[in-house]
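Please look over the briefing below alongside the model.

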Amino acid sequence: EVHLVESGGGSVQAGGSLRLSCTASGFAFDDSDMGWYRQAPGKAREGVAVIISDGTTSYADSVKGRFTISKDNAKNDLYLQMNSLKPEDTAMYYCAAEVLNCRTAYWRNGAAGYWGQGTQVTVSS
């Protein structure tokens, strides 16, 4: 059975940092295209970052230069390092596995095989 469990969310002041983790099991993690997505109250879900199985990464323009996605294949863990956080980064953050269209701009639409339950990030001004 596939499991994706996020952790590391919390409350932080603007300019601070957080690192989100996603522990995965039940599928071929090394060969899976993985991603992070977020959704704020009253807003549509948006793509944050993806990492293709070959190590290539893509980021939303709003987080480029501030966030870094990475993975540890030995541990089946996915990470999102978030620096210089802004109030507009406040959202529920979701880990996704088997993300589609990672080699095109359509990865931002959020078509994926599996989703975690999410972890809340709140940034105060």
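What follows covers the disulfide, the salt bridges, one glycine and a sheet.

This is a predicted model, in which local features need pLDDT of at least 70 and side-chain atom pairs count only at pLDDT 80 or more, while totals for chains, interfaces and linings use all residues. Residues are numbered from 1 along each chain as its sequence is written, and side-chain values use heavy atoms, with hydrogens and water left out. A search of the whole structure finds 1 disulfide, and the structure holds 5 salt bridges.

**Cysteines**

- A disulfide is a covalent bond between the sulfur atoms of two cysteines; here the term is applied to a pair of cysteine sulfur atoms within 2.5 Å.
- Cys 22 and Cys 95 form such a bond, with their sulfur atoms 2.1 Å apart.
- Distant parts of the chain are linked by this pair, since Cys 22 sits in strand 3 (residues 18-25) and Cys 95 in strand 9, 73 residues apart.
- Strands (E, at least two residues) and helices (H or I, at least four residues) are DSSP runs, numbered from the N terminus.
- The link of Cys 22 and Cys 95 is left-handed, with -75° about the S-S bond.
- Cys 22 and Cys 95 are both buried; buried means under 20% relative accessible area, exposed means over 50%, and partly exposed lies in between (1.4 Å probe, protein chains only).
- Cys 102 is buried, with a relative accessible area of 5%.

**Salt bridges**

- Side chains of opposite charge can pair when their charged atoms come close; a salt bridge is a side-chain nitrogen of Lys or Arg within 4 Å of a carboxyl oxygen of Asp or Glu.
- Arg 38 and Glu 46 meet through their side chains in a salt bridge of 2.7 Å, N to O.
- Arg 38 is buried at 4% relative accessibility, whereas Glu 46 is partly exposed at 34%.
- Arg 66 forms a salt bridge with Asp 89, with the closest N and O atoms 2.8 Å apart.
- Arg 66 lies in the loop between strand 6 (57-59) and strand 7 (67-72), and Asp 89 in the loop between strand 8 (77-82) and strand 9 (91-99), so the pair ties together parts 23 residues apart in sequence.
- Arg 66 is buried at 11% relative accessibility, and Asp 89 is buried at 1%.
- A network of salt bridges links Arg 38, Glu 46, Arg 66 and Asp 89.
- Asp 61 and Lys 64 form a salt bridge of 3.2 Å, N to O, and both residues are exposed.

**Gly 110**

- Gly 110 is in the loop between strand 9 and strand 10 (112-115), and is buried with a relative accessible area of 5%.
- Gly 110 and Glu 46 are 64 residues apart in sequence and 7.3 Å apart in space, C-alpha to C-alpha.
- Leaving aside neighbours within four places in sequence, Gly 110 is in contact (heavy atoms within 4.5 Å) with Tyr 37, Arg 45 and Trp 115.

- An open sheet of 4 strands has the order 1-3-8-7, with antiparallel pairing; two strands pair if DSSP finds at least two bridges between them.
- Strand 1 (3-7) and strand 7 are at the edges with a single partner strand each, so one side of each is left without a neighbour in the sheet.
- Strand 7 and strand 8 run antiparallel and are joined by 6 bridges.
- Lys 71 has Leu 78 in strand 8 as its bridge partner.
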